[in-house]
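Welcome, and thanks for taking a look. Please have the sequence and the 3D view open side by side as you read on.

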Amino acid sequence: MSKRKLSKQQQARVKNRRQAEDNTLDESQLQPGLVITNFGKRVLVEDEQDELHNCAVRQHLGKLVAGDQVFWQPDIEPNTGVVVKTQPRRHELSRPGFRGQTRMVAANIDQIGIVAPVEPGVHPDMIDRYLVAAHQLQLPAFIILNKIDLLQSEEEWEAIAELLWSYDELEIPILPVSTVTGEGLDELAERMQGKNSVLVGLSGAGKSSLIKALIPDIDIKINELSEKSGLGKHTTTNSILYHLPSGGNLIDSPGVREFTPHPCSLEELEQAYPDFHPFLGQCKFNNCTHTTEPDCAIRHAVKEEEIADTRYLSFQRLRERFVQAP
Ligand SMILES: Nc1nc2c(ncn2[C@@H]2O[C@H](COP(=O)(O)OP(=O)(O)OP(=O)(O)O)[C@@H](O)[C@H]2O)c(=O)[nH]1
Ligand SMILES: [Mg+2]
Ligand SMILES: [Zn+2]
């Protein structure tokens with residue numbers, strides 16, 4: 001991670017600017033707000049009366065994202081302002097981005113809904129990567145099997161069940177839904193009631209469609225967001241927070257081609273795979289990578305079908321690419 005270091009002189013300049021900014025801060029003007037979405041260097045902040053304000057962000061605050069709690073002060077123009085302070089985040093879901101940068105996905109969430117669509121396909125590898133991220137954040141995750149209206153036969157259902165049995169064994173909830181027929185949407189709404197949830201998954205998985213199906217006056221909301229931010233209405237380029245009718249918030253995140261969790265140690269990766277736990281410590285070598293070593297308890301468990309092949313393979317792909325040497 002190449003985060004450029006500031007020189008002493010630059011650090012002093014940043015500090016002086018911050019102090020100058022703080023001196024102009026009129027505490028009586030500060031209002032609490034919730035970041036609904038970010039675009040460029042600006043954010044849409046919702047005030048306590050549910051009004052939206054297009055706000056600049058003080059530079060030292062870094063990147064803000066849907067779900068951030070902030071303090072802001074109004075500008076002269078109506079519905080504009082400046083975010084001057086942030087509240088500490090409880091959780092932040094992010095991923096490594098381009099050239100060592102971090103891409104923020106959502107802040108202050110209680111749970112992660114992984115959207116796995118029947119079409120273009122359920123990819124256990126993708127699910128496992130989000131499960132590793134959820135483990136890193138100590139957050140519960142569940143799987144939304146979307147577009148089940150496209151499943152035509154018993155065989156197709158069986159093929160999907162085959163891909164998902166290991167998650168069922170891990171007691172990760174799986175919710176079959178369709179935004180076309182409405183099947184499963186009540187159960188999904190119930191699971192998200194009163195909580196802050198984020199929907200994640202590959203582009204085209206149906207995240208935005210699910211949000212549209214769950215929130216009755218969504219078109220009005222989308223128009224309002226687009227009007228206040230100047231953004232288009234149809235693409236999800238940044239995360240957007242919506243309020244659920246029965247309480248709680250739901251964050252729509254932009255799809256990625258391939259999600260990657262943050263790098264971690266071999267031990268941490270092993271911990272993120274609960275199905276490996278009963279066999280850990282039983283390999284011949286205590287630094288076993290579970291690849292070619294003799295007497296490997298993990299590979300033995302895979303052979304005995306106590307660990308799913310897909311889980312073993314996704315673990316190895318993550319280990320090769322994202323495990324940092326100690
Ligand atoms: N058959 C069927 N199609 C669906 C369903 N849900 C969504 N779709 C279709 O899937 C496509 C992608 O849906 P989106 O909701 O835009 O997907 P997304 O996950 O938000 O995609 P990104 O914003 O690119 O990440 C659209 O053409 C939807 O009409 C469903 O339940 N059944
Ligand atoms: Mg979308
Ligand atoms: Zn081993």
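How far apart do the C-alpha centres of domain 2 and domain 3 lie? In this predicted model, the C-alpha centres of these two domains are 28 Å apart.

## Domains and their contact

The chain divides into domain 1 (30-86), domain 2 (92-252) and domain 3 (266-322). Where domain 2 and domain 3 meet, 12 residues of domain 2 and 11 residues of domain 3 take part in the contact.

On the side of domain 2 that touches domain 3, two or more residues each come from α2 (124-137) and α3 (154-169). The largest share of that side is given by α2, with 7 residues. Sorted by class, the side of domain 2 that touches domain 3 holds 6 nonpolar, 4 charged and 2 polar residues.

Beyond its neighbours within four places in sequence, Tyr-130 is in contact with Ile-112, Ile-114, Ala-141, Val-200 and Phe-259.

## Strand pairing around β1

Let's turn to the strands. Strand β1 (residues 31-39) pairs antiparallel with strand β4 (residues 69-74) over 4 bridges, and also antiparallel with strand β2 (residues 42-46) over 5 bridges.

Methods:
Residues are numbered from 1 along each chain as its sequence is written. Chains are lettered from A and ligands numbered from 1 in the order in which they are written. This is a predicted model: local features need pLDDT of at least 70, side-chain atom pairs count only at pLDDT 80 or more; totals for chains, interfaces and linings use all residues. Domain bounds come from an automatic or database domain assignment. Two residues are in contact if their C-beta atoms, placed from the backbone, lie within 7 Å. Ala, Val, Leu, Ile, Met, Phe, Trp, Tyr, Cys and Pro count as nonpolar, Asp, Glu, Lys and Arg as charged, and the others, Gly among them, as polar. Two strands pair if DSSP finds at least two bridges between them.
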